[in-house]
Every structure is written in structure tokens, then in C-alpha cells.
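I opened a new structure today and kept a notebook while looking around. Here is what I had on screen.

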Amino acid sequence: MDHQDLARRRLFAQRLAGAPLRTPEAVVRHLGAVQAQERLGAKWAIARRCPGVTSADLDQALADGRLLRTHVLRPTWHVVAPADLRDWLALSAPRVKAMNASYDKVVGVDDALAAR
């Protein structure tokens, strides 16, 4: 496979070319998660793959809980589908906890406090 073929395949796999998805929820489910530190960047990434969706539509999907903006994968923002949240947490929690361990120690968060 050459570089042009690889680039073309990536564009189609990421739904930046070819058939668009119909809803913001379908976009996020297809991609698994959308990472963007800024809310506007996440909204743009979703809308780019879902022609016709407006900024207000995306705000409503987030307000309704049809999409969640969370720190599930690491300490940056991600938009995920509610149905996928538990799976993402199961996969990412050990690494996120390890990354936060030194900070937790500094601010006094121990296992008992975290559990509470």
C-alpha cells in the first residue's frame, strides 16, 4: 500500500470523505471518541462529519446527555457516547490513576477519600 492509498483510506475511515454520518451521536460512536481540548474544536470535528448539523444541535446533544464531554481517556477533554462510557473507563482508569498518583499524594487524596 502506498502513501496516497493509506491517506485515502484514513480519510474514508474517519468519515472525512465518502458518505457522511447522519447524527452527531453516530459520528462519536463511529470514531469511538472525539478528543479536543476546546469545546469548539470538538463540535467542529463532529459537524465536519455530519453535514447539516448546527452548533445549536451539538449544544443540545451535550445538554441532553446524548453525548458526554469528559476526561475519560486522559486529562484532556473527550466527547463520548453514554453507552460507551463504562467501557472507556474500564480501559483507561488504571493509566489515568497512575498518571494522577503523584498529584493525589500532594493534595492528600488517598484511596479512602477517593472511594468516598
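My entries follow, by topic.

**Ground rules.** I'm working with a predicted model, where local features need pLDDT of at least 70, side-chain atom pairs count only at pLDDT 80 or more, and totals for chains, interfaces and linings use all residues. Residues are numbered from 1 along each chain as its sequence is written, and side-chain values use heavy atoms, with hydrogens and water left out.

**Salt bridges.** I searched the whole structure and got 7 salt bridges (a side-chain nitrogen of Lys or Arg within 4 Å of a carboxyl oxygen of Asp or Glu). I looked up Arg66 and Glu25, whose closest N and O atoms are 2.4 Å apart. Arg66 sits in the loop between helix 4 and strand 2 (68-74) and Glu25 in helix 2, so this pair ties together parts 41 residues apart in sequence. Helices (H or I, at least four residues) and strands (E, at least two) are DSSP runs, numbered from the N terminus. I noted Glu25 as buried, at 18% relative accessible area, and Arg66 as partly exposed, at 35%. My cut-offs: buried is under 20%, exposed over 50%, partly exposed in between (1.4 Å probe, protein chains only).

**Helix 3 and helix 4.** I checked how helix 3 (residues 39-48) meets helix 4 (residues 55-64): their axes come within 10 Å and cross at roughly 110°. The axes are lines fitted to C-alpha atoms over the stretch in contact, with angles from 0 to 180 degrees between N-to-C directions. That makes the two helices roughly perpendicular, a label for 65 to 115 degrees (under 35 is roughly parallel, over 145 roughly antiparallel, the rest oblique). Arg39, Lys43, Ile46 and Ala47 of helix 3 are in contact (heavy atoms within 4.5 Å) with Ser55, Leu58, Asp59 and Leu62 of helix 4. Asp59 and Arg39 also form a salt bridge, with the closest N and O atoms 3.5 Å apart.

**Val27.** Is Val27 buried or exposed? I found Val27 buried, at 1% relative accessibility. Val27 lies in helix 2 (residues 24-31). Leaving out residues up to four places away in sequence, Val27 touches Leu21, Ile46, Arg49 and Cys50.

**Arg15.** I spotted a positive phi, near 60°, at Arg15. Most residues other than glycine have a negative phi. Arg15 is in the loop between helix 1 (3-13) and helix 2, and Arg15 is partly exposed, at 23% relative accessible area.
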